[in-house]
Amino acid sequence: MTDTLTKVGVAKDYQARTEHRLPDHFAASLGYLDWKTQPDPFRVYEGAEQRQLPLCEPVVSTPSWAELRANEAIAPAAALTINTFSQLLYDSLAISAWKASGSSRWALRCNPSSGNLHPTEAYVITGPVAELISQPALLHYTPKDHGVEVLRWLDAEPFAELNRQLPEGAFVLGLASIVWREAWKYGERAFRYCMHDVGHAMQAITFAARILGWRVRRVEGSTATQMDQLLGLERSSGPEAEHADVLLVIETCPTSTSTTTNTVSNTAAHAPIQLDLTDALLNELSPPISAQPNTLSTQHHPWPILAEVEQATRDSSKPHGVFDGKRCGSDTGNTDALGTVTLEVEANDIHGTDTSASARDIVRRRRSAVDFDGSTGMTREQLYRILSALVPSLTPSLWTAFPHQPRVHPAIYLHRIQGVEPGLAILVRNRADEPALRKAIPRVQTWEKMPGCPDELGLYRIMEGDARRLGRTLHCHQDIAADGALVTSMIASFNDELDRFGAPAWRYLHWEAGAVGQLLYLEAEALNLSATGIGCFFDTGVHELLGLKGGDFRMLYGTAIGRAVQDPRIQTFPAYQR
């Protein structure tokens, strides 16, 4: 058996091993919270030079959410400055508010995280930034004080060689995970949640960049070992080990963001970026780091399977999937008709829409609901608008960090949609997967197009009837899965993707599911509703409901949308006091 097949086997076995199964079998965890060892949610490098970033509060003149989600270019902000650099991080990874109840106090961030544990860390490799740094450097972002730590100063010559491989005016942002932060609470299932969080962060950065008129593209062709070295993580080990997940290139002056430009040039402009990180170049870009990462917990419970799956799924420099070049050309079909559709709010709708609100306001006010009111729904038109945003061929401007053919397809439990009977539907985000999905879901005799659904949207009813009890049961008996307007079970092409692209594809699928969840959060906010990600679900129960067998498709994640009920005992405070 080859090493590649062994690693694929590890990924598949981990997925099966960490399934929750009805009626009451859950993946291994402590079963309780050991508060004495709760990890510090903020990583800092002791001894590193610190630089504070200016606070960039949202203003009225920024693009609206409707403009951000439309398939039109947004004029780029001024080139990279301390203010635009700060705004990018402030709108994507920074603290959005502090909460307090009694003696407990905790921070919320723009990017959501399972259990609010935040395993994702961000690093930036950039040239000089006026009023911030005067020479190229590797920086670590510190959301607690909205600042950066200088980990390495980079020599001009090797940095210039790296910079020549990037688009003009671009810089590199890397994301890494500290798995222990999630393992502390969730045990063996934790690595799933870490990868969801990476997807949330990738999409949050994409939206923050688009607000500035910038664009995010993913780097392919680099190994995880190379990425670790580039981000200063090559020596990280032990129970609090931190390792690179993905490199993103932030283009501050994208050559083309319109979907109507020349097909060839536009396709090339959206393709993943390839970096030639030779050993010689990496060695020159990675002088020793003297600063030391802080200790997050005094003690740790071992979960050996997490290190095993982390190692098996590390990036191997192979392609991440099939590049979706047609999405970026002029042959994407009638994208504007659905991508920029104006919401029609019916007279009896009990809540309005907020698509004209500042996009910055929406990304900053995002919250994870903990309870829904059990009565508020949405209109059919609002449902179709939300779902259109999830389809990259219809809203390509929202999916620049995910340039591959979509592999995640939400099954949607429709609870309270005006003009639509309750039941279960499926959104096919990639029409190429539709034949395989129809074959994989044998219990459905006919796939009925939803009433009034635009032709461009692959949304089909697959079951009729009240699905509230079903949604609650399959999502770990959580009321929030039944009390909202809808809840999703995201299923993904699984075995085929791992067999074609190797064990790292396991990560990519979970990133994509997290990215879908992030967009659902923000689309809900634009409707003055709320959302919450659901990582606890009975995998096998969902598979049995749909008739999925053999691992061709598996459930990866869930998201619920509804009207949040606020707890009056919880107080809210500003994100930063300065």
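In the predicted model, helix H1 (residues 3–17) packs against helix H10 (residues 304–312) at an angle of about 135°, the two axes lying 9 Å apart. Helices are DSSP runs of H or I with at least four residues, strands are runs of E with at least two, and both are numbered from the N terminus. Axes are lines fitted to C-alpha atoms, for helices over the stretch in contact, with angles from 0 to 180 degrees between N-to-C directions. H1 is therefore oblique to H10, a class left after angles under 35 degrees (roughly parallel), over 145 (roughly antiparallel) and 65 to 115 (roughly perpendicular) are assigned. Lys7, Val10, Tyr14 and Arg17 of H1 form the contact with Ile305, Leu306, Glu308, Val309 and Ala312 of H10, where contact means heavy atoms within 4.5 Å.

At the level of the whole chain, 19 helices and 22 strands are present. The radius of gyration, taken over C-alpha atoms, is 22 Å, close to the 25 Å given by the globule rule for 578 residues, so the chain is as compact as a globular protein of that length. The globule rule is 2.2 Å times the number of residues to the power 0.38. The C-alpha trace spans about 65 × 55 × 50 Å along its principal axes. Of the 578 residues, 62% are buried, that is, under 20% relative accessible area with a 1.4 Å probe and protein chains only. Among contacts with a separation of 6 or more, 82% involve residues 24 or more positions apart.

Residues are numbered from 1 along each chain as its sequence is written, and side-chain values use heavy atoms, without hydrogens and water. Because the model is predicted, local features need pLDDT of at least 70 and side-chain atom pairs count only at pLDDT 80 or more, whereas totals for chains, interfaces and linings use all residues.

Methods. Buried < 20%, exposed > 50% of the residue type's maximum accessible area, 1.4 Å probe, protein only.
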